[in-house]
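Open the model in your viewer and keep the selection panel handy.

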Amino acid sequence: MNPIRTPCVLCLSGHDPTGGAGLTADTEAIGALGGHALGVITANTVQDTSDVRRVAAVPPILIAAQIEALAADCRIDAIKIGLLGDAAQVDPILDCIRRLRVPVVLDPVLRAGGGAHLVRSELLLALKERLLPQVTVLTPNAAEARLLGGGEDGAALLATGLAHLLVTRGDEPGGNVVNTWYQAGRAPRDFEWPRLAQRFHGAGCTLAAAIAALLAAGKPVAEALEQAQAYTHRALSRAYPVGGGRLIPGRR
Ligand code: PLP
């Protein structure tokens, strides 16, 4: 038996049948970084590599039972939250966060890269008012940060009580991609990456899962943010087509 324990990340994520985003993305990224993903599906989706057509929420009681079974059996070192199906799922997720007391990475999946709106106003409110105060690292793209009410300096989002905010700008027009890390009481820090020409499906899931894997392995936040971005950039530079839309990150 291998005496070295593999860091485990509890992923609360949607299922994307293309394999580009959602739990598949999490499992691949976390595995590539030496961790293990424990996967609880929050929503099933109908989508292709261009856009999402439908989101079907999993009942909160099933999510609660799956978390319960895993928490009773496995040591969980970090939690990664992606797409949520509806506001009723926030209760079992909050119970889980309060009970486990491990780093929480939240990728607020509000709109798909293809443009589809993925959450209703009730869920957006529950995310903002109830989940954000419990989050260690929030990883919105710039459009999601705006939808959550975050201004350009990150102050409004940090005021919710979350610890670290990484705003990504791969989806914004411009030259190099500049992602910014905000935390209360410290000057923001920019990370600059060469812009890749293609469009990708699942970049945000890859980044958030990578951060969670590195935090689960005990890395400090600064290191986890830097290394997860480097890993994601490498995965995007190796992306491949599986359909007629956006490319799938080469995460392995
Ligand atoms: N489907 C699921 C299950 C997701 O979690 C996400 C994003 O996190 C998407 C679709 C949209 O991914 P993208 O915006 O990269 O196309």
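The tour goes from the ligand to a helix pair and then to a loop.

This is a predicted model: local features need pLDDT of at least 70, side-chain atom pairs count only at pLDDT 80 or more, and totals for chains, interfaces and linings use all residues. Residues are numbered from 1 along each chain as its sequence is written.

**Stop 1: the ligand**

Select the ligand and its shell. 19 residues surround the ligand, counted when the C-beta atom, placed from the backbone, lies within 6 Å of it. The closest are Gly-14, Ala-21, Gly-22, Leu-83 and Gly-113. Now colour β1 (8-15), β2 (36-47) and α7 (203-216): each supplies at least two shell residues. The most come from α7, with three residues. Helices (H or I, at least four residues) and strands (E, at least two) are DSSP runs, numbered from the N terminus.

**Stop 2: two helices**

Select α2 (residues 60-73) and α3 (residues 90-100). They pack at an angle of about 20 degrees, with their axes 9 Å apart. Axes are lines fitted to C-alpha atoms over the stretch in contact, and angles run from 0 to 180 degrees between N-to-C directions. α2 and α3 are therefore roughly parallel to each other (angles under 35 degrees). Show the contact residues (C-beta atoms, placed from the backbone, within 7 Å). From α2 come Pro-60, Ile-63, Ala-64, Ile-67 and Ala-71; from α3 come Asp-91, Pro-92, Cys-96, Arg-99 and Leu-100.

**Stop 3: a loop residue**

Select Arg-101, in the loop between α3 and β5 (104-106). Its phi is near 50 degrees, a positive value in a residue other than glycine. Most residues other than glycine have a negative phi. Buried or exposed? Arg-101 counts as exposed, because it has 7 C-beta neighbours inside 10 Å (exposed means 12 or fewer other C-beta atoms, placed from the backbone, within 10 Å).

Methods:
Angles under 35 degrees count as roughly parallel, over 145 as roughly antiparallel, 65 to 115 as roughly perpendicular and the rest as oblique. Two residues are in contact if their C-beta atoms, placed from the backbone, lie within 7 Å. A residue is buried if 20 or more other C-beta atoms lie within 10 Å of its own, exposed if 12 or fewer, and partly exposed in between; C-beta atoms are placed from the backbone.
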